[in-house]
Amino acid sequence: MQRRPRRVRGRGHDEFWAFCEAGELRMQRCKDCGHVQWPPVPDACERCELAVLEWERLSGTGQIVSWCTFERSYYPDLPVPWDTILVELEEGPLFISNPDGFTNEEVRINMPVRVTFVDCEDETGRFRLPAFEPVGPTGPKNQKGAQDETASTA
């Protein structure tokens, strides 16, 4: 189990973490304009400002658009070097995450990935963190935690 810095909690975020615990990557979608919210918001759509948000299960797939390796320690719970990736999800939002089953030395632009959930712990307790594994000839390393390819709505 990985030790992690304290995650953001509160209205919107607690719902996100509950879905992750169930092995589902969900984000809020505005029923009026269709915008997918990330990070979660407690009240209204950031684009049209209407309060008609519902949680939608995402495909969990995307492609890597950027990456970096932190070589300076910002959090005592994260040993360095620490790989981070930026994934453009199939539904559009950009999601900062960590590689699962590969390093940034193996990553390439537009590399297809899919979500997995890594067992972690912070000062508030245990949780499952969304991470991404490669799809295609180099992956995935396993099927545990991977979402179904079909998305459904809440």
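Modeller: Helix α1, residues 13–21, has His13, Phe16, Trp17 and Cys20 buried. Buried means under 20% relative accessible area, exposed over 50%, partly exposed in between, with a 1.4 Å probe and protein chains only. Helices (H or I, at least four residues) and strands (E, at least two) are DSSP runs, numbered from the N terminus.

Colleague: Why do the buried residues of α1 line one face of the helix?

Modeller: Seen down the axis of α1, they fall within an arc of 95°, so they line one face. The arc is that of the directions from the helix axis to the C-beta atoms.

Colleague: What do the buried residues of α1 pack against?

Modeller: They pack against β2 (26–30), β4 (53–57), β7 (94–97), β8 (112–122) and β9 (125–134). Contact here means heavy atoms within 4.5 Å. Just after α1, glycine 23 takes a positive phi of about 80°.

Colleague: Ground rules before we go on?

Modeller: This is a predicted model, with residues numbered from 1 along each chain as its sequence is written. Local features need pLDDT of at least 70, side-chain atom pairs count only at pLDDT 80 or more, totals for chains, interfaces and linings use all residues, and side-chain values use heavy atoms, with hydrogens and water left out.

Colleague: OK. How many helices and strands in the protein chain?

Modeller: The chain has 1 helix and 9 strands. From the N terminus the order is β-α-β-β-β-β-β-β-β-β. Of its 154 residues, 42% are buried. Among contacts between residues at least 6 apart in sequence, 59% join residues at least 24 apart.

Colleague: Now the backbone. Which peptide bonds are cis?

Modeller: Tryptophan 38 to proline 39 is cis, with omega near 0°. Valine 80 to proline 81 is cis too, also with omega near 0°. Proline 39 lies in the loop between β3 (36–37) and β4. Proline 81 is in the loop between β5 and β6.

Colleague: Why flag those, and positive phi?

Modeller: Because most residues other than glycine have a negative phi, and most peptide bonds are trans.

Colleague: Where do glutamate 49 and asparagine 110 lie?

Modeller: Glutamate 49 lies in the loop between β3 and β4, and its phi is near 70°. Glutamate 49 is exposed, at 65% relative accessible area. Asparagine 110 sits in the loop between β7 and β8, with a positive phi of about 65°. At 44% relative accessibility, asparagine 110 counts as partly exposed.

Colleague: Switching to cysteines. How many disulfides?

Modeller: The structure holds 0 disulfides, a disulfide being a pair of cysteine sulfur atoms within 2.5 Å.

Colleague: What is the closest cysteine sulfur to cysteine 48?

Modeller: That of cysteine 30, at 3.5 Å, too far for a bond. Cysteine 48 is partly exposed, at 26% relative accessibility. Cysteine 120 is buried, at 1%.

Colleague: And charges? How many salt bridges?

Modeller: A search of the whole structure finds 11. The criterion is a side-chain nitrogen of Lys or Arg within 4 Å of a carboxyl oxygen of Asp or Glu. Arginine 6 pairs with glutamate 123, the closest N and O atoms being 3.0 Å apart. Arginine 6 is in the loop between β1 (2–3) and α1, and glutamate 123 in the loop between β8 and β9, so the pair ties together parts 117 residues apart in sequence.

Colleague: Are arginine 6 and glutamate 123 buried or exposed?

Modeller: Both are exposed. Arginine 57 and glutamate 24 also form a salt bridge, with closest N and O atoms 3.9 Å apart. That pair links strand β4 to the loop between α1 and β2, 33 residues apart. Arginine 57 and glutamate 24 are both buried.

Colleague: Which residues are linked in a network of salt bridges?

Modeller: Arg3, Asp77 and Glu121.

Colleague: Last one. Which residues form the nonpolar patch on the surface?

Modeller: Phe70, Tyr74 and Tyr75, with about 340 Å² of accessible area together. Areas come from the Shrake-Rupley method with a 1.4 Å probe; for residues, only the protein chains shown count as cover. Patches are made of residues with over 30% relative accessible area and no salt bridge: like charges are joined within 9 Å, nonpolar side chains (Val, Leu, Ile, Met, Phe, Trp, Tyr) within 5 Å. Tyrosine 74 is exposed, at 53% relative accessibility.
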